[in-house]
Amino acid sequence: MAENREFFYRRLHSLLGVIPVGLFLVQHLVVNHFATRGPEAFNRAAHFMENLPFRYFLEIFVIFLPLLFHAIYGLYIAFTAKNNVSRYNYFRNWMFMLQRLSGIITLIFITWHVWQTRVQAAFGAAVNYEMMADIVDNPIMLWFYILGVISTVFHFANGLWSFFVSWGITVTPRSQLISTYVTMAIFVALSIVGIRAILAFA
Ligand code: HEM
């Protein structure tokens, strides 16, 4: 019974990492990338997102609660669960460790980022190009954001690799090797999108 529950939570954790949290991450990075076309283009894109119908419902049920569950259960996995990694090679053991480490760094980054933006917006601040430009004006914050985005994107891309294994999509060693190349290409591409956006505010 307890094992069944654990299995269910693991599957839920895995699924939520991709749908909806991973999809939201990609969408968020694409909207931010509008900053490369100037303040007005970014403000228009951000404004469009802010004015989506059912905004609070979407924020709570599509972003906040799934992310909260994934993060809390992720911390539990990172610190307690013992997994059998012996069937994987040296490289995969490293990626396994980096997945947990990047989860923790990502949690710190997202908590700070949400505090600085969404929570301040709830207190009445305007979330726009100027707000982000002010934040990354501080070189420490600029680096914090760059490293935070790299960590988040790595966690998502490498997470996709294990997601495909967890759900029986990549079973053979060959498909898992191809998946390594594809997910690392996703990591590089999304890192470029994310970093270009941050530099556009700097
Ligand atoms: C934007 C935020 C995040 C995204 C998009 C994301 C995405 C993912 C994905 C796709 C997976 C792979 C699921 C699988 O193996 O089947 C995963 C795994 C994991 N995530 Fe996250 N995650 C995020 C935030 C976090 C946070 C804040 C933590 C907190 C520590 C965390 C901890 C973990 C852990 C420990 C795993 C490994 C699970 C395992 O190996 O079984 N994640 N994540």
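# Exercises on helix packing and an iron site

Helices α2 and α8 are oblique to each other. Angles under 35 degrees count as roughly parallel, over 145 as roughly antiparallel, 65 to 115 as roughly perpendicular, and the rest as oblique. The model is predicted: local features need pLDDT of at least 70, side-chain atom pairs count only at pLDDT 80 or more, and totals for chains, interfaces and linings use all residues. Residues are numbered from 1 along each chain as its sequence is written, and side-chain values use heavy atoms, with hydrogens and water left out.

**Exercise A.** State at what angle α2 and α8 pack, and which residues make the contact.

*Solution.* Begin with the axes, which are lines fitted to C-alpha atoms, for helices over the stretch in contact, with angles running from 0 to 180 degrees between N-to-C directions. Helices are DSSP runs of H or I with at least four residues, and strands are runs of E with at least two, numbered from the N terminus. The axes of α2 and α8 lie 8 Å apart, at an angle of about 45°. On the α2 side, the contact (heavy atoms within 4.5 Å) is made by V26, L29, N32 and H33, and on the α8 side by L190, V193, G194, R196 and A197. Then settle the handedness: α2 passes α8 in a left-handed crossing. A crossing is left-handed if the near helix is turned anticlockwise from the far one by less than a right angle, and right-handed if clockwise.

**Exercise B.** Describe how α1 and α7 cross and which residues meet.

*Solution.* The axes of α1 and α7 come within 10 Å and cross at roughly 135°. This angle makes α1 oblique to α7. The crossing of α1 past α7 is left-handed.

**Exercise D.** Identify the protein donors of the iron atom of the ligand and explain why the arrangement is assigned its geometry.

*Solution.* Donors are N, O and S atoms within 2.8 Å of the metal (3.2 Å for Na, K and Ca); water is not among the atoms, so sites may look incomplete. By this criterion the protein supplies NE2 of H70 and NE2 of H155, lying 2.0 Å from the iron. H70 lies in helix α4 (residues 55–79) and H155 in helix α7 (residues 139–166), so the pair ties together parts that are 85 residues apart in sequence. Next, consider the angles: the six donor atoms subtend 86 to 179°, which makes the arrangement octahedral. Four donors count as tetrahedral if all angles lie between 85 and 135 degrees; four count as square planar and six as octahedral if opposite donors are over 155 degrees apart and all others between 65 and 115; anything else is irregular. Finally, both H70 and H155 are buried, that is, under 20% relative accessible area, whereas exposed means over 50% and partly exposed lies in between (1.4 Å probe, protein chains only).

**Exercise E.** Is H13 buried or exposed, and what is it in contact with?

*Solution.* H13 belongs to helix α1 (residues 2–18). Its relative accessible area is 12%, so H13 is buried. Apart from neighbours within four places in sequence, H13 is in contact with F69, H70, Y73, G74 and I77. One of these residues, H70, is a donor of the iron atom.

**Exercise F.** Explain why α6 is described as largely enclosed, and state what covers its buried residues.

*Solution.* Six of the eight residues of α6 (residues 129–136) are buried, so the rest of the structure largely encloses this helix. The buried residues are Y129, M131, M132, A133, I135 and V136. Their cover includes α3, α5, α7 and α8 (173–201). T117, in helix α5 (residues 90–122), is in contact with M131, M132 and I135, among others. T117 has 10% relative accessibility and therefore counts as buried. By contrast, E130 also lies in α6, yet its relative accessibility of 58% makes E130 exposed.

**Exercise G.** Locate the cis peptide bond and the residue that has a positive phi although it is not a glycine.

*Solution.* Most residues other than glycine have a negative phi, and most peptide bonds are trans. The cis bond joins I19 and P20, with omega about 10°. P20 is found in the loop between α1 and α2 (21–33). The positive phi, about 60°, belongs to F54. F54 is in the loop between α3 (39–50) and α4, and its relative accessible area of 65% makes F54 exposed.
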